[in-house]
Amino acid sequence: GDVYKRQGINAEYMGFYLMEKLGSSVLDGMIPYSVQPKAWPSEGKYILGHYDENNIVVYQAFSPSIGKYAAKNQTFAGCPTFSMSRMTWIKTNFLWMMYRSNWGTKKGQEVILAIWLKREGFDAILSEATTKPSEDRPGAKVRLQWDPDHTPSGGKCTRRAIQLGLRGDVVKKYVEEWIVKIEDISEYVNKMSMYAHSDHDKLLTPEEKIYTPADTSILTKLGASNAP
């Protein structure tokens, strides 16, 4: 919880009660961004993420009507404006989410959610992924994109980041079976955005490491650079 105090963030707003109820927060895993690139590959296709032995964090940005509902109810189920029939995209890279949402300032992407998924669920998503558009492969449930990763200020990296589009039965399992916890980190994102273009020693981002699924053959199918 000290990270909230250090950054002047209202702990109650962030759902601090979740710490006791559901365990640690992604905000407890923040470290200075300035030290992170030294531990990351400079190029190639890698799944970089914040994870522990049981769960991995993925990020999504939504309008307040969806994001605040999900954080309050700890589920997307029952949200009038969340469609289970539409493709929904998840990302494991915090900074890619910041680039996509412009640090939570783009219309319809104001609420940034850090969503803890069961690793077995995330691995199941990876196993279903294809780089071909869904219309090219009838029945495809997960669309894979390797997009350029980005620096805090939005500059492109040579390294590629993974983005996964879920549809059909996979969305249903994502919502009903695989989500462990949903955190609204919008206020933290807003606080950190002031350091995106300078003073990266003060910019704290989730510690991210290369992720390897239990079945390493999945990496070969994905075209990941750390495939066996």
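Predicted model: local features only at pLDDT ≥ 70, side-chain atom pairs only at ≥ 80, totals over all residues.

**A loop and its surroundings**

Mentor: Trp103 lies in the loop between α4 and β5. Trp103 is not a glycine, yet its phi is positive, at about 55°. What is the relative accessible area of Trp103? The value is 9%, and the cut-off for a buried residue is under 20%, so Trp103 counts as buried.

Asn102 is also placed in the loop between α4 and β5, the latter strand covering residues 111–118. Asn102 has a positive phi of about 50°, again without being a glycine. With a relative accessible area of 43%, Asn102 is partly exposed, whereas Trp103 is buried.

Helix α4 (94–101) supplies at least two residues of the lining of the largest pocket, and so do β3 (55–62) and β4 (88–91). The volume of this pocket is about 460 Å³. Of its 18 lining residues, the closest to the pocket centre are Ala61, Phe62, Met87, Thr88 and Trp89. By class, the lining holds seven nonpolar, eight polar and three charged residues.

A search of the whole structure returns one cavity of 30 Å³ or more, and the largest cavity holds about 30 Å³ of space. Its lining consists of Trp40, Asn93, Leu95, Asp149, His150, Arg159 and Glu208. Three of these lining residues are charged, two are polar and two are nonpolar.

Helix α3 (residues 64–73) has Ile66, Gly67, Ala70 and Ala71 buried. Viewed down the helix axis, the buried residues of α3 fall within an arc of 120°, so they line one face of the helix. Just after α3, Gln74 has a positive phi of about 60°.

Met192 is buried, with a relative accessible area of 0%. The C-alpha atoms of Met192 and Leu203 are 5.9 Å apart, although 11 residues separate the two along the chain.

These parts belong to a protein with eight helices and 11 strands. Of its 228 residues, 50% are buried. Among contacts with a separation of 6 or more, 76% join residues 24 or more positions apart.

How far can the coordinates be read? The mean pLDDT of the protein is 88, with 86% of its residues at 70 or more. Over residues 1–7 the pLDDT is below 50, and the model gives this stretch 17 contacts beyond near neighbours in sequence. Residues 9–22 also have pLDDT below 50, and their stretch has 31 contacts beyond near neighbours in sequence.

To return to the part in question: the loop between α4 and β5 contains Asn102 and Trp103. Asn102 is partly exposed, Trp103 is buried, and the helix α4 contributes to the lining of the largest pocket.

Methods. Residues numbered from 1 in each chain as written. Heavy atoms only, no water. 1 Å grid on protein atoms, 1.4 Å probe; cavity = no way out; pocket = protein on both sides within 12 Å on 5 of 7 lines; lining within 4 Å. Points joined across faces, edges and corners; volume = space filled by probe spheres on them. Helix = DSSP H or I, 4+ residues; strand = E, 2+ residues; numbered from the N terminus. Nonpolar A, V, L, I, M, F, W, Y, C, P; charged D, E, K, R; others polar. pLDDT = per-residue confidence, 0-100. Contact = heavy atoms within 4.5 Å. Buried < 20%, exposed > 50% of the residue type's maximum accessible area, 1.4 Å probe, protein only. Arc of directions from axis to C-beta.
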